[in-house]
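Biologist: I have a structure on my screen and I'd like to learn how to read it. Could you walk me through it, feature by feature?

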Amino acid sequence: CHVLSNSRFLGDALNKSVESVTWLGDDDALIARSRESLDVQCRSSLSRNADGINDFATSMRAMRRHEIERIGLARLSGVMDETACLTGMTDVYDAIIDAALTWAIRYQTSAMGLGEPPAAIAAIGMGRYGGREINFSSDADVIIIYRPSDNADDNQANLFARKVQEDLRAILQGPTTLEPKIELDMDLRPEGKNGPLVRSYASCEEYYRSWASTWEHQALLRARYAAGDAALAEDFLMNVADPLRYPKIDLTEAQVAEIRKLKARMEAERLPRGVRRDRHLKLGKGGLSDVEWTIQLLQLQHAGDNANLRVNGTMQALDELERRKLVSAGDAVVLRRAWWMCTAARNGSYLWSGRVNQADILPDDTYSLGGLAVYLGYDANRGQHFENDLLAVMRKARDVTERLFYGLS
């Protein structure tokens, strides 16, 4: 009764998956599966569906649906906390993307009549995915890179990598199955939407060394190995990303101004029409973007001298900034609470409505606010109290952002 009255998403999911009803009688069955367990299922699917992309895509997307449902039921039932949910959902994405990349590499190697792949390929996690902070409604931000094998022709390697990338996207988000899509967002790649969807290691190295903007250095703070060839990813992170995201010299005033200008422009341009700025959980005043950009600017300024700041997670970075007294204890409390409340509200909003396009917006109606409040641990019919608490926390976070990020007194 608790689940059905507080989550349209989980109600629909339970209706489609009778097996999941049995999980509610066993807390151990509700806990997110380990990465090892997920990989075992992925390997089984790889062996069963070596040639059929539709069947393989169906199995991967069904696994994702099952696991997100499991984690949602666990969270709403009090078996898992928010931190465990973010980690568990990220593990699901990692396992699926790695399996999909493996399938595509094997298939294209065979389809091109090759004895072995002409290129190593890796997926680099970016954004919230890179930070291991996947929400119920999140897509996966990635960069796809490749490196030609020792005896491979560069043109052949490029063609192979492009075909693998096409298969990867078809498996995850193509019209091949009735299962929900797993969205990949590749807009954080070099040159953004104008750049190629897959790029060689050498090309990435040249681009980031010669052309990357300061905000792209900032975006690399969340870059991590997600799937594919681990050695290639490690080379990219150590040789390309680290010198930019952990600079040994101080940021110039022009670089800081560039980051602030981009943030202000994003606030002005990306907020959906008709949505009040104080009610958008991601882009609104004191929302996730404010907290994350503030922390990331401080990382750019200090991670070159402090190896403990070289982390992908937002809260990990904030904890270290507080330990180093680069953020006061009072400001850290405000930023931490705002980030966790907004993150939980996004998850609660998605579970409540089942609608991705509503997950970032704090609803106006008391009925929906009550549903979100229950997800965050409030008693029933306390939606107004939750709303007041959240808006107050966001206002305080905006004040901190204006001081620490924008440099306003």
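Biologist: What should I know before we start?

Modeller: This is a predicted model, so local features need pLDDT of at least 70 and side-chain atom pairs count only at pLDDT 80 or more, while totals for chains, interfaces and linings use all residues. Residues are numbered from 1 along each chain as its sequence is written, and side-chain values use heavy atoms, with hydrogens and water left out.

Biologist: Okay, cores. How do I read one?

Modeller: In soluble globular proteins, nonpolar side chains tend to be buried together. A nonpolar core here is a set of buried Ala, Val, Leu, Ile, Met, Phe, Trp, Tyr and Cys residues joined through side-chain atoms within 4.5 Å. Buried means under 20% relative accessible area, exposed means over 50%, and partly exposed is in between (1.4 Å probe, protein chains only).

Biologist: How many residues does the largest nonpolar core have, and which have the most contacts inside it?

Modeller: It has 110 residues, and Ile121, Leu172, Phe386 and Leu390 have the most contacts inside it. Helix H7 (residues 82-111) supplies the largest share of this core, 14 residues. Helices (H or I, at least four residues) and strands (E, at least two) are DSSP runs, numbered from the N terminus. There's also a second, separate core of 21 residues, which includes Ala122, Ile143, Tyr201 and Ala223.

Biologist: What does Ile121 touch?

Modeller: Contact means heavy atoms within 4.5 Å. Leaving out residues up to four places away in sequence, the partners of Ile121 include Leu101, Ile105, Phe160, Val164 and Leu232.

Biologist: Next, salt bridges. How do I spot one?

Modeller: Look for a side-chain nitrogen of Lys or Arg within 4 Å of a carboxyl oxygen of Asp or Glu. The structure holds 29 of them. Take Arg70 and Glu67, whose closest N and O atoms are 2.8 Å apart. Both lie in helix H6, three residues apart, about one turn of the helix, and both are buried.

Biologist: Where do Glu206 and Arg209 lie?

Modeller: In helix H10 (residues 201-210), again three residues apart. Glu206 is partly exposed at 36% relative accessible area, and Arg209 is exposed at 57%.

Biologist: And which residue forms a salt bridge with Asp331?

Modeller: Arg403, with the closest N and O atoms 2.8 Å apart. Asp331 sits in helix H16 and Arg403 in helix H18 (residues 383-404), so the pair ties together parts that are 72 residues apart in sequence. Asp331 is buried at 11% relative accessibility, whereas Arg403 is partly exposed at 39%. Elsewhere, salt bridges that share partners join Lys263, Glu267, Asp290, Arg398 and Glu402 into one network.

Biologist: Which backbone oxygen does its side chain reach?

Modeller: That of Leu172, at 3.3 Å. Beyond its neighbours within four places in sequence, Arg61 is in contact with residues including Ile171, Gly174, Thr177 and Pro180.

Biologist: Last one: how do I read phi?

Modeller: Most residues other than glycine have a negative phi, and most peptide bonds are trans. Arg132 has a positive phi near 60°; Arg132 is in the loop between helix H8 (127-130) and strand E2 (140-148) and is partly exposed at 29%. Lys325 also has a positive phi, about 60°. Lys325 is in the loop between helix H15 (314-323) and helix H16 (329-353), and is exposed at 74%.

Definitions and conventions: Polar contact = N/O pair within 3.5 Å; in protein donor to acceptor, adjacent residues only side chain to side chain.
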